[in-house]
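User: Please take me through the chain interface and the sheet. Keep it brisk.

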Amino acid sequence: MTRITGSQERVRKAIRCETSDRVPVALRLDYCAARWAGLDTQSFTFDPEKASLAIEWAFDNAGGWDAVDSTWTQGTRFDRLETWRTPMPGVSLPPDKLPEADIEPAMIDVDYDVAIERGMYGLINVIRRRFGERYDAKLEEERVYKGFAPIFRYWAEEKGAVPFRGGMTRLPIFQFGYSRGWFGFIKDLLRQPEKVKEACDATFNDTVNMGEYQSRLVGCNIVFVPAGHASPTFMSREMYDQYFFPYFREACKQLVKDGFTPRLHLNLDWTPYLEHLLELPKKSCIVELESNTDLKKAKQILGGHMCICGGVPPHLLTRGTPRQVQEYCQKLISELGPDGYILMNDDIVPIDTQYENVKAIVDASKTA
Amino acid sequence: MVRFGGKASLRSLRDALIELREDEAERLLNEKLADGENPLKIVEWLREGINTIGHQYKDGAVGIVELGMASMILQGCLQNLRDWYEGIVVPSVGRVVIGTVRGDRGDISRGLVGSMLFGAGFMIYDLGDDVLPERFVEKAEEVAANIIVLTGLAEDSIGTLKEAVNAIMRSGSPARVIVAPRIGIDNVFNIDDDLCRTVQADAVLNDLAAVSDSALELIGN
């Protein structure tokens, strides 16, 4: 029988909007952990084991926390599975430079027909083969995620933590957005909106299945569902209703029905749309909100329905003192806890964060 | 020859832009150009259209995606106008030089900010991306710019933004400097107060909605 650790029980109870001995902590560390551990960015990006070791250094020195975001997967995923090129350290950038946000898209406007005929895996194959590769998306996905599995097992069984994401369900509209790049995406919405919609319909099931399959391969049932493009900052309500929410709602329902926990990554300000989350399955999802959203209002609306995580802003981690961080976190805990809340940083801990500030997040939870 | 309905057609052009009907905007523009319509009048109506979208964005009725779509239609129309009327000089409330800083290719913000400032009445000189600090200074002098807008998205772009601001200040340029919001394909990356103080531009903006008013304020409008 697999033992269930205190951390794992804490996170499960938070998802079910129940109270446990304390509010659990989740942290998403990437290149900051590399820096603290003396690891160069190229190694962190392309060597999942070394990346995991860097995060483990932070984990052990902080006395451990409850949920660890599996950022050891990201470089490999970007390199082997995505449909665009990102300038990467040691490849097109110097070894110690950070990957750039500049995406070099590889999907062309006629590829929507490929998506419609052959689904998302078919589209990925066509695009990756443009890079000059002999490529099979399904085989590559299996190979990559099976490669990650030992690290996930280690964190769950040896460290007793919860890996905070297994696979990913990236909804079609976002997959197309990244694959086409900003200007291509805008053109498509202007010039062939019906085709975009048809392609969303045709590839939706694949995107849900991908999240489930990847999660099964690594033995973690939390499926990451990113939705940054759909915030009111980015999209009108009309576009949100047409290209996003129906798919989002259906994906969450399907994932929960199949035994997975959707982790909904809603960056920027989602305050106007918080009520919509009440349409998602009760006590079965984690919604990751940032400090841009009115978190107190989120608790008023979602309390008892959905677990909230997030809330520690990046500027506090880079500019504040450990004491300020701890006090801020204790305030979050008192306002958003004790049930249905996981204390977490917004998005990613910035690279120039002092380690002591991250430790202060962990200490806040343990002393609150 | 008496021309009927000329104003109505230009209004329709403006509306096509606001309602993101690209094909219709192109058709109406070509009709007006073939009709010999005054290009400055066309620009006025396009300006009104993009300014309306800018206000819709401020009110939360549209998002960055729709602003991007309108910006694309506008740029198509302006390019078409330039093809017909080379050297067209448009009256403006001021002149803006805009570019993405050295080593950076984050250009989502640049297009959106340029369009919003055009809507607010400015003449825009876009230097593109990966712009050296001295190039901002040169162009600002060449066109007697009132404002220089810097954009940059990379995680280490704060350093290059600061470098560009310092170069402009050292040159003695009278142009005011704005650092534009940092907009990625799925996120807006805020520059916090401490970094704003470090960069020391005349304005460091985290919100697209503030761009036009900030620019107008800086030139005393």
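Analyst: A polar contact is a pair of N or O atoms within 3.5 Å; within protein, one must be able to donate a hydrogen and the other to accept it, and residues adjacent in sequence count only if both atoms are side-chain atoms. The model is predicted: local features need pLDDT of at least 70, side-chain atom pairs count only at pLDDT 80 or more, and totals for chains, interfaces and linings use all residues. Residues are numbered from 1 along each chain as its sequence is written, chains are lettered from A and ligands numbered from 1 in the order in which they are written, and side-chain values use heavy atoms, without hydrogens and water.

User: How many residue pairs are in polar contact across the interface of chain A and chain B?

Analyst: Both residues of a pair must reach pLDDT 80 or more. Across the interface of chain A and chain B, the count is 5.

User: Which side chains meet in a salt bridge?

Analyst: A salt bridge needs a side-chain nitrogen of Lys or Arg within 4 Å of a carboxyl oxygen of Asp or Glu. The rule finds 1 across this interface. At 2.6 Å, N to O, the partners are Arg191(A) and Glu22(B).

User: Which strands of chain A stand at the edges of the sheet?

Analyst: Strands are DSSP runs (E, at least two residues), and two pair if DSSP finds at least two bridges between them. The open sheet is parallel, ordered E5-E2-E1-E10-E9-E8-E7-E6 in chain A. Each edge strand has a single partner strand, so one side lacks a neighbour in the sheet: these are E5 (162-163) and E6 (222-226) of chain A.

Terms used
Helices (H or I, at least four residues) and strands (E, at least two) are DSSP runs, numbered from the N terminus.
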